[in-house]
Amino acid sequence: MTTLPSAIQAFIDATNSGDTDAFVAAFTTDAYLDDWGREFHGRDGVRSWDRTDNIGKQSHFELVSVEPGEATGAFVVTLTVTGNGYNGTGPMVFQLRDGLISSLIISG
């Protein structure tokens, strides 16, 4: 199994501990997040998504698997999500740059 990069581990840990500032800090300042076609830009966008769809819904992530993605610095991470919002298991595609998450695509 591929080693989980520290930024993605921080994404999981911050969500599970409800730490919004640590969650947002795992992303680059120009991050892009696409949640089933809903697009969010920059750390303000990430913070907004976190409030409405993640920590704001008491989400909890359990790592299922991590595999290298198609591009350099890309990872396909399968997580089981529970909480007061979406519940289920599916892949998230992360793109990392300079040790932070520059892009996150959630499309199942």
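How many strands form the open sheet, and in what order do they stand? In this predicted model, with residues numbered from 1 along each chain as its sequence is written, local features need pLDDT of at least 70, side-chain atom pairs count only at pLDDT 80 or more, and totals for chains, interfaces and linings use all residues. Side-chain values use heavy atoms, with hydrogens and water left out.

The sheet is open and is formed by 6 strands in the order 2-1-6-5-4-3, with mixed pairing. Strand 2 (38-41) and strand 3 (60-68) stand at the edges with a single partner strand each, so one side of each is left without a neighbour in the sheet. On average, neighbouring strands of this sheet are turned by 20° against each other, direction ignored. Two strands pair if DSSP finds at least two bridges between them. Axes are lines fitted to C-alpha atoms, for helices over the stretch in contact, and angles run from 0 to 180 degrees between N-to-C directions.

The strand pairs can be followed one at a time. Strand 1 and strand 2 are paired in the antiparallel sense over 4 bridges. Within this pair, Y32 stands opposite H41 in strand 2, and D34 has E39 of strand 2 as its bridge partner. These two strands form a hairpin with 2 residues between them, and W36 in the turn has a positive phi of about 50°.

Strand 4 and strand 5 also pair in the antiparallel sense, over 8 bridges. Here V77 stands opposite M92 in strand 5. Their hairpin has 5 residues between the strands, and G83 takes a positive phi near 145°.

Strand 5 is joined to strand 6 by 6 bridges, and the two run antiparallel. L96 has I101, in strand 6, as its bridge partner. This hairpin has 2 residues between its strands, with D98 in the turn at a positive phi of about 55°. D98 lies in the loop between strand 5 and strand 6 (100-106) and is exposed, with a relative accessible area of 74%. Q58 is a residue other than glycine with a positive phi, near 55°. The place of Q58 is the loop between helix 3 and strand 3, and Q58 is partly exposed, with a relative accessible area of 48%.

Aromatic side chains come next. How many aromatic pairs does a search of the whole structure find? The search finds 6. One of them is formed by F11 and F27, which are edge-to-face at 6.2 Å centre to centre, with 65° between the planes. This pair links distant parts of the chain, as F11 is in helix 1 (residues 6-17) and F27 is in strand 1 (residues 27-35), 16 residues apart. Both F11 and F27 are buried. The rings of F11 and F94 have centres 5.0 Å apart and planes at 85°, so this pair is edge-to-face. Distant parts of the chain are linked here too, with F11 in helix 1 and F94 in strand 5 (residues 88-97), 83 residues apart. F11 has a relative accessible area of 0%, and F94 is buried, with a value of 0%. One aromatic cluster is formed by F11, F23, F27, W49, F61 and F94. For these terms, rings of Phe, Tyr and Trp (its six-membered ring) pair if their centres lie within 6.5 Å; planes under 30 degrees apart count as stacked, over 60 as edge-to-face and the rest as tilted.

Finally, there is the largest pocket. Its lining has 19 residues, of which D35, V81, Y86, M92 and I106 lie nearest its centre. The elements giving two or more residues to this lining are helix 3 (42-53), strand 4 (74-82) and strand 5. Strand 5 gives the most, with 4 residues. A pocket, on a 1 Å grid over the protein atoms alone, is an open set of points where a 1.4 Å probe fits, with protein on both sides within 12 Å along at least five of seven lines; lining residues have an atom within 4 Å of a point.

Notes:
Buried < 20%, exposed > 50% of the residue type's maximum accessible area, 1.4 Å probe, protein only.
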